[in-house]
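Morning, everyone. Please look at the model on the screen while I talk. I will take salt bridges, then the sheet, then a pocket.

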Amino acid sequence: MAGTAAAQSVTRKESFWQAWRWWLPVAAVALLLALFFVDPFAGDWDALDYAILALRGEPSSMLFGRMLFIFQNHLAFRLAQRLFGLPPEQAYLLFKYLVVAQSPLAVAACWALVRELTGAVRTATVAALLLMLSPFFIVYSGQAMTEIPSLLWLAVALLLHVRGLRRNRAWLVLAGAALLGLGTNVRETAALYGLWLVAGPLVYGRLWNQRDLLLTAAACALFFVCALGPFGYYYFADVGGYRAAWHGWVESMRMEEAVHPVSFGNFVPLFFFFFVAAPLALVALPVAAYREWRARGFTPLLTLAGIGFVANMSLISHYSTVINGRYLLTGLMGVVPLAADFFMRYETKRRGDNARRGFVVCVAGVVCMALVIGGIFYPFAWPTIESHGLTKEYRARLALLPRDAVVIAGGQTVSVTFWRGVGAGEWEVIGTGGGWPYGRLAEVIDDYLRAGRRVFIDVDTRLWFTDSWRGKETHELIAAAARFRFRRFSDTIYEIRPPTDAMANDTPDFQRLLERAPSNVQRLKM
């Protein structure tokens, strides 16, 4: 096996830039895919929240605040506004294409990390392909979300730390730990790789003297300071009322978890999404781990793969795992190096230690599997992505309403909050999910009407659903509608009026909302 590894390796003396012919084509394809599959608007709901927060220069109330991601977008917007006069309503384009630009960088950083771990450019290239061709990587490389920037920070942090351990350079170890901590402020799941700061030195034999122990302790301390420092400052100093906002988020999570209870049954969608994210890596992982351990013991590759796998399995504690598979990108930076090394060793040995032929077979296998999984995944995911375009167009409907209207827009709740955030109106919203007043909808509408507010509902069938928790909201809406009268305002929008308003004689066809079939993703999970 050692000979097989040597056959596929290229000397480490060839620098990253000198080895450009290996990583640049993969990075270029990543960029092309990001541009081809770029989101029609900004991305998932969170992307619009991030955009508003970046415009305001305020951290998110989610967990640690995602401050590095939001504040770098804020600075980019300020610069673009000063240089080019970029208006706030167009800022999402800047944020989205910043992520697009980072997608090839994340792939290149993954390549550099795996080459550092294995010394093999072919293995590094296969690993970069496994990451780049993940359906979730492709989809979210075209959205203003945190997934791709988080992978970039994670790969660079691990690269510096591994290089520092290998070369016995303290400053690289500390720099890697600091970047890993800062990466937690892009996306909190990066914190799960904090285990590497102790496990890495152990498997590299860097924990057996006082200097190494002190360096590891310093790296861990630096990691915690960089990870928790920004959040601690905003929370304990209560900057801009951040503490109350954070506790509000905690309460909303409790409400969401009540709707999506965490159970062992969640392992089914967890492994399903893991398979979609990296089918070859997941299937090969048990065999690859066993053979790595039998042949070489607890190596850096095996240790990092274990951390990546544990990172993904830990997501079972979060309700969103059963809703969206993008969270499973978390563990890929740990898992794909071992999987790529296993595939290269296996295929090279099968072809008489011919590394070139083994590499061609590996690349062909990864690409073919990506085409198969992508051919199944994208038809299910595309309706959701396409609906983001409706979010962009929804501003035209909102423009018809009074600027201070209360809006019930179902699946386009996020449109109301986004366009309000950029200053297009002052609407309030009775939103879906955690913002939905379960069991109190009619009472909440009544309160607004008594206060003299005008309340509108959009009965566009594309905005309401019949599956899962969203179906409960649709049924509750129909039940509450019986207590009010309605006046038609536009093609799909009706104004809700008190039952005493004799002039409101229009009747929305709410039953049509129940005729919508379950979404493709929901149908697949059934």
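A salt bridge here means a side-chain nitrogen of Lys or Arg within 4 Å of a carboxyl oxygen of Asp or Glu. Side chains of opposite charge can pair when their charged atoms come close. Before the examples, some housekeeping. This is a predicted model: local features need pLDDT of at least 70, side-chain atom pairs count only at pLDDT 80 or more, and totals for chains, interfaces and linings use all residues. Residues are numbered from 1 along each chain as its sequence is written, and side-chain values use heavy atoms, with hydrogens and water left out.

How many salt bridges are there? The count comes to 26. Take D458 and R397. Their closest N and O atoms are 2.8 Å apart. This pair links distant parts of the chain: D458 sits in strand β3, R397 in helix α18, and 61 residues separate them. Helices (H or I, at least four residues) and strands (E, at least two) are DSSP runs, numbered from the N terminus. Are D458 and R397 buried or exposed? Both are buried, meaning under 20% relative accessible area, with exposed over 50% and partly exposed in between (1.4 Å probe, protein chains only).

Now R350 and E347. They lie three residues apart in helix α16, about one turn of the helix. R350 is exposed, at 53%, whereas E347 is buried, at 12%. There is also a network of salt bridges linking D44, D46, E147, R187 and R326.

Next, the sheet. It is open, with five strands in the order β2-β1-β3-β5-β4 and mixed pairing. Two strands pair if DSSP finds at least two bridges between them. The edge strands, β2 and β4, each pair on one side only. β1 and β3 run parallel, over three bridges. β3 and β5 run antiparallel, joined by four bridges. V455 in β3 partners V406, and its partner in β5 is I496. Both faces of β3 are covered: V455 and I457 are buried on one side, F456 and D458 on the other.

R497 pairs with E495, closest N and O atoms 3.6 Å apart. R497 is partly exposed, at 21%, while E495 is buried, at 1%.

Last, the second largest pocket. Which residues lie nearest its centre? They are F16, L105, A108, A109 and A112, among 13 lining residues. A pocket is an open set of points on a 1 Å grid over the protein atoms alone, where a 1.4 Å probe fits, with protein on both sides within 12 Å along at least five of seven lines; lining residues have an atom within 4 Å of a point. Helix α5 gives the largest share of the lining, five residues.
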